[in-house]
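Please walk through this structure with me, one feature at a time. Keep the sequence and the 3D view side by side.

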Amino acid sequence: DGDFALRVTPTGVERTMAQSYAMNNRVAMQGGVFAGKRMFEATVNYDYDIYNTYADMADDPFRQQFHDIGAGVRFGDDFADLSRLNFDVEIHGGYWSHPTYDAINNASTAAIQELRIGGTARAARIFGKNRVGATIGYDLWSDGDRGAYSDNRAMIGVDYARKFGIVDIDAGVMYMYDKVERREKPSHFVMPRVKVLVDLQKAEFAPYAELTTTVSQNGYQSLYSQNPFIDTELDESLYSMANTRSYNLAVGFTGTAASSRLAYRAYVGAKFMRDKLFWYVTRSGLFGVTTDDNTRLFFGVEAQYKPVGGLVIAASFYANYDWANSEYKSSDEKFSANLNIEYSFKQWRFYAKADVIGRREWSCLAEEPTQPMGVFVMPTQVDLGVGVSCRLSQKVELYVDGYNLLNSKIYDWAYYYRPGAGFTAGIKLNF
């Protein structure tokens with residue numbers, strides 16, 4: 001997958017193809033074999049990604065390269081028939097590296113690297129009307145001999161589910177020990193989750209309430225995978241980055257109508273985020289990141305309609321409002337919406353889609369510390385696309401896709417914009 005469109009810097013300097021392109025390459029293999037009622041599975045993958053910092057003001061922007069090798073094995077049940085004890089054991093690991101560049105001395109430097117290894121073990125069974133389960137796990141992220149960063153994480157949790165009349169309850173709690181090497185104290189997280197579904201025996205209306213807790217990992221690989229344009233002069237600040245945790249509460253309902261041809265969902269909720277990431281521009285084309293607390297209210301609606309055979313119409317809308325303590329702007333989009341129409345007839349498939357990307361903002365550091373920060377703003381944009389494909393056989397499919405047909409200036413990061421109107425054509429082979 002690649003983006004080979006020519007780009008222009010914020011000051012109007014035209015970049016060459018070699019200074020503009022981005023490319024994502026992936027090779028992956030997965031396989032499994034049954035051992036009685038259980039399965040042994042294995043996966044392996046290699047990713048090689050390239051990004052050019054074309055928005056940087058340097059005469060010759062540097063090229064960001066990322067290598068990632070991962071592997072995992074799993075043995076156990078599929079947790080479908082819980083009348084007997086189900087279990088599985090999973091082990092995973094990988095190596096990620098990012099060759100860095102010293103712009104002052106115009107030379108490559110030692111690569112930033114991250115090793116990761118971990119595993120989980122799960123078990124569950126139904127006793128009468130009660131489903132009980134347990135999970136233990138461990139993960140380690142480390143930069144190896146460099147000794148600048150490591151994150152040790154261990155967890156243990158229990159789950160319980162049962163139906164009480166018209167109320168379905170699925171709940172659990174997990175304890176997590178999390179120690180980032182350069183942070184003074186380890187973190188101890190209690191992570192509850194509860195989902196309550198009220199079964200009114202009505203397909204048109206099924207209300208629910210849900211509480212979840214998440215803890216993300218803000219190590220090298222995680223941060224660079226979110227934003228490949230991190231200012232390498234700020235690497236030191238990444239060594240002690242706190243991990244983000246979020247306590248999420250939502251209530252809503254799902255349902256169907258029109259003889260089940262229409263399915264819909266609506267929800268509203270809040271996220272109480274601690275140490276949320278706030279990205280900001282250090283200088284044109286490069287980014288820093290910090291953390292702070294943030295409270296977010298959100299709501300959304302989704303619908304899918306199948307009026308006749310082969311035709312599917314889907315639409316959704318999501319919006320949020322933040323209260324943040326940070327002096328930096330949140331770069332998350334304020335709202336999003338999309339409309340997708342797809343029609344399939346025999347071997348043909350036609351589609352049209354419109355994605356609305358809400359306003360986004362990035363704080364920009366001033367050249368002098370005494371000056372106020374600026375703000376880079378992307379106003380609301382629309383990405384319109386159409387496409388057609390034809391399946392010649394079970395293994396061969398031809399396609400043509402048109403994208404950004406309104407030629408919108410859509411920024412995934414401040415100063416880094418998507419290609420203008422264009423199309424791709426190709427062939428898909430399935431073996």
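Asn404 lies in the loop between strand E21 (396-403) and E22 (411-413). Helices (H or I, at least four residues) and strands (E, at least two) are DSSP runs, numbered from the N terminus. This is a predicted model, in which local features need pLDDT of at least 70 and side-chain atom pairs count only at pLDDT 80 or more, while totals for chains, interfaces and linings use all residues. Residues are numbered from 1 along each chain as its sequence is written, and side-chain values use heavy atoms, with hydrogens and water left out.

Look at the backbone of Asn404. Its phi is near 45°, a positive value in a residue other than glycine. Most residues other than glycine have a negative phi. Is Asn404 buried or exposed? Asn404 has a relative accessible area of 3%, so it is buried. Buried means under 20% relative accessible area, exposed over 50%, and partly exposed in between (1.4 Å probe, protein chains only).

Ser259 also has a positive phi, near 55°. Its place is the loop between E12 and E13. With 67% relative accessibility, Ser259 counts as exposed.

Now turn to the rings. The structure holds 28 aromatic pairs. Rings of Phe, Tyr and Trp (its six-membered ring) pair if their centres lie within 6.5 Å; planes under 30 degrees apart count as stacked, over 60 as edge-to-face and the rest as tilted. Why does the pair of Phe229 and Tyr416 count as stacked? The ring centres of Phe229 and Tyr416 are 3.7 Å apart and the planes are at 5°, so the pair is stacked. Phe229 sits in the loop between helix H2 (220-226) and helix H3 (235-238), and Tyr416 in strand E23 (residues 416-417), so the pair ties together parts that are 187 residues apart in sequence. Phe229 and Tyr416 are both buried.

Tyr280 and Tyr328 form another pair. Their ring centres are 4.6 Å apart and their planes are at 25°, so this pair is stacked. Distant parts of the chain are linked here: Tyr280 belongs to strand E13 (residues 262-283), and Tyr328 to the loop between strand E15 (311-324) and strand E16 (335-345), 48 residues apart. Tyr280 is buried at a relative accessible area of 10%. Tyr328 is buried too, at 18%.

Charges meet rings as well. A charge sits over a ring if NZ of Lys or CZ of Arg is within 6 Å of the ring centre and within 35 degrees of the ring normal. The charged end of Arg7 sits over the ring of Tyr417, 5.1 Å from its centre. Lys276 lies over the face of Phe278, 4.7 Å from the ring centre.

On a 1 Å grid over the protein atoms alone, a pocket is an open set of points where a 1.4 Å probe fits, with protein on both sides within 12 Å along at least five of seven lines; lining residues have an atom within 4 Å of a point. The largest pocket holds about 640 Å³ of space. Grid points are joined across faces, edges and corners, and a volume is the space filled by probe spheres set on the points. Of its 26 lining residues, Asp3, Arg7, Ala22, Asp412 and Pro419 are the closest to the centre. Which strand gives the largest share of this lining? E2 does, with three residues. The lining has 14 nonpolar, six polar and six charged residues. Here Ala, Val, Leu, Ile, Met, Phe, Trp, Tyr, Cys and Pro count as nonpolar, Asp, Glu, Lys and Arg as charged, and the others, Gly among them, as polar.

E13 gives the most to the lining, four residues. By class, the lining divides into four nonpolar, 10 polar and four charged residues.

Finally, check the cysteines. A search of the whole structure finds zero disulfides; a disulfide is a pair of cysteine sulfur atoms within 2.5 Å. Cys364 is buried at a relative accessible area of 12%. Cys390 is buried at 9%.
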